[in-house]
Amino acid sequence: MAFQGQRNKRRMTYHRRKICRYCADSNLKIEYKDSRLLKLFITERGKIIPRRISGNCARHQRILTVAIKRARNIALLPYTTAIIRK
Ligand SMILES: [Zn+2]
């Protein structure tokens, strides 16, 4: 790893540049029916993980967003997780 010790504490939360997994694997398709795969891109509260974290490219993130919204519509994915109140 090319990580020199200088200026180490500038940004501790910096994460490595991830590549878009859909660009890397061309036969991987974004499908709203594939809730198992879409689940990787939502938080446990049901929110869509932003591109800067998920590492997707703009094109695929856009397609993914539509797929997630579609999947929510047919109840494959949650809109939100219910908070149990007393
Ligand atoms: Zn991509």
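This is a predicted model: local features need pLDDT of at least 70, side-chain atom pairs count only at pLDDT 80 or more; totals for chains, interfaces and linings use all residues.

Modeller: Let's start with the overall fold and then go through some parts of the chain.

Biologist: How many helices and strands are in the chain?

Modeller: There are four helices and zero strands. Here helices (H or I, at least four residues) and strands (E, at least two) are DSSP runs, numbered from the N terminus. Going along the sequence, you read α-α-α-α.

Biologist: And what percentage of the residues in the chain is buried?

Modeller: Of the 86 residues, 12% are buried. A residue is buried if 20 or more other C-beta atoms lie within 10 Å of its own, exposed if 12 or fewer, and partly exposed in between, with C-beta atoms placed from the backbone.

Biologist: Let's do α4. What length should its 16 residues span?

Modeller: Helix α4 covers residues 58-73 and should span 22 Å at 1.5 Å a residue; its end C-alpha atoms are 23 Å apart, which agrees. The expected span is 1.5 Å times one less than the number of residues.

Biologist: Which residues of α4 are buried?

Modeller: They are H60, Q61, L64, A67, I68 and A71. These residues cover an arc of only 125 degrees around the axis, which puts them on the same side of α4. The arc is that of the directions from the helix axis to the C-beta atoms.

Biologist: Why do residues three or four places apart point the same way?

Modeller: An α-helix has 3.6 residues a turn, so residues with that spacing point the same way.

Biologist: Which exposed residues sit on the face of α4 turned away from the buried side?

Modeller: That face carries A58, R59, V66 and N73. As for the buried residues of α4, what covers them includes α1 (21-24), α2 (35-38) and α3 (51-54).

Biologist: Which residues make up the largest nonpolar core?

Modeller: Seven residues make up that core: L38, F41, L64, A67, I68, A71 and L77. The largest share, four residues, comes from α4. A nonpolar core here is a set of buried Ala, Val, Leu, Ile, Met, Phe, Trp, Tyr and Cys residues joined through C-beta atoms within 7 Å. In soluble globular proteins, nonpolar side chains tend to be buried together.

Biologist: What does F41 contact, leaving aside its neighbours within four places in sequence?

Modeller: F41 is in contact with I48, I49, S54, L64 and I68.

Biologist: New topic: where is A75, and is it buried or exposed?

Modeller: A75 is in the segment after α4. With 9 C-beta neighbours inside 10 Å, A75 counts as exposed. Its phi is near 65 degrees, a positive value in a residue other than glycine.

Biologist: And the other end, where is I19?

Modeller: I19 is in the segment before α1. It counts as exposed, with 11 C-beta neighbours inside 10 Å. Not counting residues up to four places away in sequence, I19 touches A24 and G55. The C-alpha atoms of I19 and C57 are separated by 7.7 Å, though these residues are 38 residues apart along the chain.

Biologist: Which helix has Y22, and what does Y22 touch?

Modeller: Y22 lies in α1. Not counting residues up to four places away in sequence, Y22 touches L28, I30, N56 and H60. Y22 is partly exposed, with 18 other C-beta atoms within 10 Å.

Biologist: Last one: where is K47?

Modeller: K47 is in the loop between α2 and α3. K47 is partly exposed, with 14 other C-beta atoms within 10 Å. The C-alpha atoms of K47 and P78 are separated by 8.7 Å, and the two are 31 residues apart along the chain.

Technical notes:
Residues are numbered from 1 along each chain as its sequence is written. Two residues are in contact if their C-beta atoms, placed from the backbone, lie within 7 Å.
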